[in-house]
Amino acid sequence: MSLAKVREALAALVAASQEELPPEEAIESVTEETPEAAAPEGEQAEEAAAPPPPLVDTNHAKKGFHLDVTVAPDQVVQAAEILDGEKYTIEAVTGVDWIKEEQMEVVYDYCDTADFSRVVIRARIPRATPELPTISRVFPGADWHERETHDFFGITFVGHPDLSPLLLPEDADYHPLLKDFTA
Amino acid sequence: MSGYFKELISGTYSLAVGLGITIKYFTQPVVTMQYPMEHVKMTPRYRGHIELVRDEETGASKCIVCGMCQKSCPSGCITVAGKKPEGSKKKVLTTYRLDFTKCSLCGLCVESCKPGALDFSKDYNLASPRKEDYIFDLLKRLEEKS
Amino acid sequence: MSVFAESQTQETFVVNLGPQHPATHGVLRVKLTMDGEYIDRAEPILGYIHRMHEKNAEVGTWAQFMPNTGRMDYLHALAYNFGYSIAVERAAGIEVPERAEYIRVITCELNRISSHLLWFGAFVLDLGGFTPLLYAFDDREQLLDLLETVTGSRLTYCYYRFGGLYNDIDENFVDGSRAFIKRLRSRMPMYHNLVTKNIILMKRLIDIGPISAEMCRKYGATGPVLRGSGINFDVRKNEPYSVYPELDFDVPVYSECDCMARYMVRMDEIDQSMRIIEQALDKLPDGPIKPEKVPKLIKPPKGDYYAAVEAARGTFSIRLVSDGTNKPYRLKLRSPTFSNLSLYEEASKGMLLADALALMGSLDLVIPEIDR
Ligand code: SF4
Ligand code: SF4
């Protein structure tokens with residue numbers, strides 16, 4: 001069962017990141033406080049207080065994937081290597097703009113075609129400086145997906161060979177999927 | 001060397017088989033339709049541009065000016081307006097404009113219309129070089145049809 | 001490639017293939033750096049019909065995005081309708097009545113056949129044979145007529161609804177489908193005699209355009225490209241949705257990795273789709289085509305959802321992020337040919353230009369789906 005193997009390795013990765021958390025938190029706390037201060041609704045404050053666990057075994061029938069892992073932004077390459085080692089294939093890379101939380105989320109969808117399972121890797125990055133390393137060295141197929149994500153969200157994939165617009169016009173300096181984008 | 005000749009023979013044979021098929025079809029009747037001379041009959045479910053439906057009793061449109069079609073249209077190409085005549089409770093349709101340049105013929109408006117005041121027309125010969133020709137006044141079309 | 005290495009000189013020149021080129025079937029531009037007749041680098045340049053469907057989705061309600069799904073892959077629009085319906089049904093917890101599921105499968109498979117027929121004609125046209133295209137279009141025309149009578153449109157269908165269908169099939173549909181399958185069954189040997197066994201086609205496809213299984217994996221290639229490289233993966237089998245588990249069909253797999261393998265996979269898929277349709281027609285139950293109660297305003301609970309279907313070109317999947325309102329917060333469309341085309345640069349290196357076009361045809365590109 002490659003899913004079980006991947007789960008184990010990713011759990012170790014997540015655990016490693018949580019040990020390192022204190023210094024990271026110091027940087028992130030600035031951005032994390034803003035929505036709480038700005039948002040009057042109690043619902044949001046609650047959400048920020050209790051983030052979902054980093055590794056969730058999801059119900060495939062309900063969600064459409066088996067494993068949902070949140071890693072630190074600098075660990076996405078390690079996560080990709082783990083999945084590459086277990087012969088997973090890359091399905092898509094995309095972003096989500098969480099404007100209220102001042103964060104962006106990068107989502108990687110992996111799929112095992114031999115022993116079917118789907119794994120989702122996420123990483124949250126601050127919205128003001130959306131940067132994280134590229135996985136296109138591990139999966140060359142991620143090259144275009146990352147370029148597309150850069151087009152739509154302005155997320156910079158550090159180390160990517162060519163981040164010029166793929167789907168947008170070549171002189172585009174806007175990122176249409178940002179929630180504050182207006183045409 | 002024998003492989004070479006074998007391939008030569010089987011290859012030529014495959015070409016002859018293909019040619020035989022095309023010759024066979026050459027002698028069969030034409031399957032295409034001679035379009036401007038002949039016309040296709042549209043199926044009952046064919047989705048042309050939308051049209052107002054006449055109420056058989058009153059002779060006017062069935063529309064109650066609820067605005068659901070305008071709200072449900074993904075392309076925003078419907079404009080409806082109505083007013084209440086003196087002493088009447090029901091609104092009467094005064095404008096029904098369809099911007100056909102933007103319409104994607106999805107049919108969501110027809111589905112959302114509770115009184116069944118909308119239907120698809122079966123027109124498909126709608127060519128024009130001018131954009132303005134595609135801003136349809138459906139109320140006027142309804143009157144003209146009578 | 002050894003030929004390439006031998007012919008390597010210092011001189012290369014750049015040729016633009018497209019954006020308006022018959023072999024790219026749409027508006028794809030490939031910037032070719034050529035060394036004589038050999039390709040040094042082929043860089044696809046996309047975005048000529050980019051329409052930002054993903055932003056469109058965020059503007060309207062859940063239901064208002066349905067017409068857009070048929071406009072991505074215009075050749076297999078119903079699979080895209082299907083994928084989006086499944087995603088939203090999964091998110092909002094809507095049950096689909098059995099009759100609706102069967103009709104969905106039948107129409108989706110009919111649409112797959114029409115897509116493969118068009119691909120077949122266009123692919124042979126790319127290789128220089130004009131006649132098969134006309135025969136394929138003849139068959140496809142019958143199919144489109146059949147689908148038009150139930151769905152109301154010929155190409156950009158918008159037939160499925162959350163929880164069911166737009167309307168039920170009409171009385172002629174079942175007989176019409178059976179008659180069509182009978183007709184196509186009798187025509188398939190003709191196609192194989194005319195094209196598959198043709199020596200010119202064989203010479204142009206066998207051992208041309210190798211794509212290894214490993215390359216497929218690294219680039220996320222799916223569909224017939226993957227199955228032509230010996231990997232047995234079909235969402236209909238591996239992650240069954242709708243009523244596919246109740247139907248008996250095979251997944252054609254060829255392990256030659258060349259253009260011929262991809263050609264054969266698609267031709268066999270037509271046969272398998274016919275099998276699926278026949279069984280589904282036999283099993284078609286009576287009943288409603290919509291659930292009793294579909295909420296008028298669909299508001300899926302917060303969270304994200306994933307749904308994948310097997311379209312004619314590979315895995316089409318949708319990632320939905322809902323924030324609990326009546327509009328999608330984020331909707332990611334993962335189109336199969338986007339991934340399939342991304343391996344083109346690596347796969348075409350060192351090939352003859354004419355062979356590279358055969359390779360491109362064997363990927364079965366639909367540009368509006370790549371650009372979205
Ligand atoms: S068919 Fe669709 S796009 Fe056209 S007017 Fe109706 S709702 Fe709007
Ligand atoms: S939905 Fe029907 S009744 Fe309501 S405004 Fe539109 S056409 Fe009139």
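**Figure 1**

Figure 1. Buried means under 20% relative accessible area, exposed over 50%, and partly exposed in between (1.4 Å probe, protein chains only). Over all chains, the count comes to 48 salt bridges. The model is predicted: local features need pLDDT of at least 70, side-chain atom pairs count only at pLDDT 80 or more, and totals for chains, interfaces and linings use all residues. Residues are numbered from 1 along each chain as its sequence is written, chains are lettered from A and ligands numbered from 1 in the order in which they are written, and side-chain values use heavy atoms, with hydrogens and water left out.

**Figure 2. The interface of chain C and chain A.** The contact (heavy atoms within 4.5 Å) takes 43 residues from chain C and 47 residues from chain A. The area buried between the two chains is about 3800 Å², of which carbon and sulfur atoms give 53%; buried area is the accessible area (1.4 Å probe) that two parts lose on being put together, summed over both. Eight salt bridges are counted between chain C and chain A, and Asp84(A) and Arg217(C) meet in a salt bridge at 2.8 Å, N to O. The side of chain C that touches chain A has 16 nonpolar, eleven polar and 16 charged residues. In this classification Ala, Val, Leu, Ile, Met, Phe, Trp, Tyr, Cys and Pro count as nonpolar, Asp, Glu, Lys and Arg as charged, and the others, Gly among them, as polar.

**Figure 3. Buried salt-bridge partners between chain A and chain C.** The side chains of Arg118(A) and Glu239(C) meet at 2.7 Å, N to O. Arg118(A) lies in strand 5 (residues 117-126) of chain A and Glu239(C) in the loop between helix 11 (235-238) and helix 12 (259-283) of chain C, so the pair joins two chains. Helices (H or I, at least four residues) and strands (E, at least two) are DSSP runs, numbered from the N terminus. Arg118(A) is buried at 2% relative accessible area, and Glu239(C) is buried at 5%. Glu148(A) forms a salt bridge with Lys332(C), the closest N and O atoms being 3.0 Å apart. This pair runs from helix 6 (residues 142-153) of chain A to strand 8 of chain C. Glu148(A) is buried, with a relative accessible area of 1%, and Lys332(C) is buried at 2%.

**Figure 4. Surroundings of Arg330(C).** Arg330(C) lies in strand 8 of chain C and is buried, with a relative accessible area of 2%. Its side chain makes a polar contact of 2.6 Å with the side chain of Thr94(A). Another polar contact, of 3.1 Å, joins the side chains of Arg330(C) and Glu54(C). A polar contact is a pair of N or O atoms within 3.5 Å; within protein, one must be able to donate a hydrogen and the other to accept it, and residues adjacent in sequence count only if both atoms are side-chain atoms. Not counting residues up to four places away in sequence, Arg330(C) touches residues including Phe153(A), Leu177(A) and Arg319(C).

Figure 5. Leu105(B) sits in the loop between strand 3 (92-99) and helix 3 (108-112) of chain B and is partly exposed at 29% relative accessibility.

Definitions and conventions: A salt bridge is a side-chain nitrogen of Lys or Arg within 4 Å of a carboxyl oxygen of Asp or Glu.
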